[in-house]
Amino acid sequence: MVARVAIDLALDRLFDYEVPEALERKLAVGQLLSVPFGRREARGFVLEIGERGTGNGERVLKPVSAIVDVTPFFTPKLLELVRRVTDYTAAPLESVLKAAVPAAVMRRNARARELLFVSPSLAAEPVALTPRQRWLYDQVVRLGGGWMTQLVRELKTTPSALKALGARGLVTVDVRAKRRDPLAGRRILPSKPLPLNPEQSAALAGIGRDSKPTLLFGVTGSGKTEVYLQAIAREIEAGRGAIVLVPEISLTPQTVNRFASRFGDLVAVLHSALSDGERYDEWHRIRSGAARVVVGPRSAVWAPVKDLGLIVVDEEHEPSYKQEDNPRYSARDVAVLRGAVEGAKVVLGSATPSLESWRNAETGKYRLASIARRAGAGTLPNVRLVDLEDGGAGGAIFSRDLLEAISLRLDRGEQTILFLNRRGFSRQYVCARCGWTPACDACDLPYTYHRADSCLRCHVCGGWTELPAKCPDCGGAEFVCQGIGTQRAEAALRKCFPKASVLRMDADSTSRRNSHDDILGAFRRGEADILVGTQMIAKGLDFPNVTLVGVLNADSALSMPDFRASERAFQLFAQVAGRAGRAELPGEVLIQTRNPADSVLRAVVAGDFAKFAASELAERNEAFFPPYCHLSVVALKSKDARLVGEWAAMYAQSLKLYAARIKAGRMLVSEAVPSALEKADGFYRWQVVVRSTSAAAAVRAWRWISSARPPVAALRVAIDIDAVNLV
Ligand code: ADP
Ligand code: ZN
Ligand code: ZN
């Protein structure tokens with residue numbers, strides 16, 4: 001018998017081992033093995049088991065050393081999923097296997113926490129005891145036993161006193177695994193299913209009616225989570241399990257509590273703040289079937305849930321579902337794939353679906369379920385555009401309208417959130433006077449400003465142009481590369497409202513550990529009147545006393561050099577708007593802009609996602625952008641600036657040759673361009689963008705070049721299929 005094993009060093013191939021007779025009957029696909037590798041022992045997963053074939057018939061194979069764990073880490077279906085994701089993303093197989101099992105589980109010294117447990121044994125008679133021993137015995141019986149350390153503490157006794165009872169056969173002392181529970185010490189009150197409104201009922205009924213995934217499109221607060229909860233309850237009743245994916249940032253105690261309230265100990269939580277021990281235990285509870293509902297971020301899509309019946313992807317449009325490093329997978333897409341492989345139902349939920357999913361609903365690949373109203377307390381806020389041209393006193397950060405609205409809140413003791421769009425290194429080039437942004441004609445996309453060689457480049461076609469001397473719209477000669485910073489906004493605010501207390505939240509103010517929670521906690525407790533922040537404050541937060549949300553610079557979000565700029569802007573504004581008026585108090589949203597006629601902003605005001613999606617999709621189709629193509633980035637990096645530039649040019653040229661020869665579908669290849677973040681961690685970075693009708697065609701093209709001219713050691717080349725970041 002031969003085992004084909006994927007070794008845990010990224011080698012991207014399988015190795016054959018002889019299976020000793022003693023192990024033959026225990027060996028199963030998906031198990032973790034220990035095998036000799038070179039001069040050391042390595043670990044690896046068995047992916048295939050077979051008889052000696054002609055290929056390896058002659059060679060002497062080394063034998064498998066041991067089975068590390070007889071319970072397989074991967075079911076055959078999970079392995080099938082791993083293979084499909086490996087094929088689709090062109091990532092090394094080991095990287096996908098690694099992504100699928102938490103490191104805390106794989107560590108050599110990882111194990112369950114084992115502690116002594118004392119339980120009363122009812123067989124023996126408590127005779128001939130000292131009064132003190134008699135008392136201790138009675139206490140152990142009364143408590144029904146307990147952990148040794150706990151009993152010692154609570155009964156003010158010693159381990160030897162308890163062991164002495166054990167020696168007389170009055171109690172048994174044995175070693176048991178003690179769960180490290182991430183929710184320990186939390187007060188979680190049980191909750192009951194709410195009676196659903198008609199839209200919620202219809203959505204619930206549609207889930208899993210056939211094999212199609214459901215796109216649950218419901219405004220913030222429309223009761224999507226209640227629908228998830230009841231869909232999960234159905235699965236549990238049928239003896240199946242579920243996975244709920246949430247973006248890491250919204251994996252707050254409140255979110256987790258809602259699931260734990262309904263399903264108690266059946267819930268396992270996986271997120272980055274867990275200790276290794278907690279993660280180890282949660283994962284094993286999932287694999288053993290003790291936990292049936294997994295709540296976690298993108299990596300939870302791999303959780304080894306038994307009899308998986310349902311996968312929920314909440315906020316399915318969130319870019320954080322895409323992993324930016326090998327394997328570059330989208331957890332949302334893997335969820336859909338896993339649903340198909342395992343025959344599980346899939347629900348993708350959002351108030352602002354990704355255009356990829358929206359399009360899939362249009363073509364009938366997904367089933368659409370809509371909830372148009374808020375379910376509980378609160379109404380959707382009133383959204384209004386404020387023209388910075390006539391409302392703001394020339395270049396000021398705050399328009400008169402916004403200042404008045406803020407001062408009204410201060411008078412009433414209500415709270416305000418002010419929101420700035422800003423991304424660290426993605427550089428825009430904007431006329432300081434009128435907000436005009438130079439854009440590539442061919443792609444209809446704002447240029448990215450490259451500081452190093454002081455020019456503007458298009459990141460889709462690779463074209464470039466010189467910096468404009470004058471704005472063609474207003475004649476202004478001053479340009480800015482970034483929007484207003486939060487610090488400047490905060491300072492201006494303090495000047496206007498010296499008595500108000502202001503909190504600021506951005507990357508700088510949150511670098512200290514926990515300060516994120518500290519700031520939000522303080523704001524929630526009403527310790528400040530105004531919170532100023534970046535997109536960080538836009539998501540998932542619920543502040544009942546916030547009645548005003550101001551977006552300071554909508555135009556900067558819309559002119560991001562990214563073909564998804566409008567989509568992201570719509571999502572962002574809809575989400576920040578969702579922050580106002582969550583409770584009884586009605587909310588107001590003011591969006592400051594220089595282009596009040598902009599169609600995206602008009603759609604935000606109207607709260608009309610469908611209309612926005614229709615016009616945006618028409619433009620994407622016209623320009624051959626996703627979801628009408630797959631956009632992939634071939635990313636090159638090296639410490640040698642000249643080398644990486646030359647190779648990027650070679651890749652661009654070869655990809656173009658390949659593109660010219662393909663028969664089915666289209667493929668467009670950009671020139672080689674330095675990435676917007678040209679240098680990071682000492683590496684110079686370049687990229688080539690491939691837009692193709694089929695994702696597999698891009699992978700084939702990339703493989704063809706990489707095998708014809710294998711990259712030199714000083715260079716790293718990767719392909720990012722369905723790239724989320726163009727920078
Ligand atoms: P979403 O997930 O769409 O943002 P939630 O599920 O959080 O919405 O629901 C928002 C609020 O409405 C919650 O407080 C929830 O308890 C309440 N809610 C949801 N469904 C119902 C219902 N059918 N009846 C009454 N209240 C509901
Ligand atoms: Zn201008
Ligand atoms: Zn272009």
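What is the geometry of the site of the zinc ion (ligand 3), given the angles among its four donor atoms? The site is tetrahedral, with angles of 105 to 114 degrees; four donors count as tetrahedral if all angles lie between 85 and 135 degrees. The ideal angle for four tetrahedral donors is 109.5 degrees.

The structure is a predicted model, in which local features need pLDDT of at least 70 and side-chain atom pairs count only at pLDDT 80 or more, while totals for chains, interfaces and linings use all residues. Residues are numbered from 1 along each chain as its sequence is written, chains are lettered from A and ligands numbered from 1 in the order in which they are written, and side-chain values use heavy atoms, with hydrogens and water left out.

The donors of the zinc ion (ligand 3) are the SG atoms of Cys440, Cys443, Cys458 and Cys461, at 2.3 Å. Donors are N, O and S atoms within 2.8 Å of the metal (3.2 Å for Na, K and Ca), and sites may look incomplete because water is not among the atoms. Along the sequence, the donor residues follow the spacing C-x2-C-x14-C-x2-C. Cys458 is buried, at a relative accessible area of 0%, whereas Cys461 is partly exposed, at 25%. Here buried means under 20% relative accessible area, exposed over 50%, and partly exposed in between (1.4 Å probe, protein chains only).

Ligand 1 is surrounded by 16 residues, the closest being Pro195, Gln200, Gly221, Thr225 and Arg258; a residue is near a molecule or strand if one of its heavy atoms lies within 4 Å of it. Helix H9 (residues 224-237) supplies the largest share of this shell, three residues. Helices (H or I, at least four residues) and strands (E, at least two) are DSSP runs, numbered from the N terminus. An oxygen atom of ligand 1 lies 3.2 Å from a backbone N or O atom of Ser222. Of the 560 Å² of accessible area that ligand 1 has on its own, the protein covers 71%.

An open sheet is formed by three strands in the order S7-S6-S8, with antiparallel pairing. S7 and S8 stand at the edges with a single partner strand each, so one side of each lacks a neighbour in the sheet. Two strands pair if DSSP finds at least two bridges between them. Seven bridges link S6 (residues 114-120) to S8 (residues 171-177), and two join S6 to S7 (residues 146-147). Val118 has Val173 as its bridge partner in S8 and Gly146 as its bridge partner in S7. Leu116 is paired with Val175 in S8.

Some backbone features remain. Most residues other than glycine have a negative phi, and most peptide bonds are trans. Asn326 and Pro327 are joined by a cis peptide bond with omega of about -10 degrees, and Pro327 is in the loop between strand S13 (308-314) and helix H12 (331-342). Another cis peptide bond, with omega of about 5 degrees, joins Pro626 and Pro627. Lys156, which is not a glycine, has a positive phi of about 50 degrees. Lys156 is found in the loop between helix H6 (148-154) and helix H7 (159-167) and counts as exposed, at 71% relative accessibility.

Definitions and conventions. Tetrahedral: all angles 85-135°; square planar, octahedral: opposite > 155°, others 65-115°. Polar contact = N/O pair within 3.5 Å; in protein donor to acceptor, adjacent residues only side chain to side chain. Areas by Shrake-Rupley, 256 points an atom, 1.4 Å probe, with all protein chains shown as cover.
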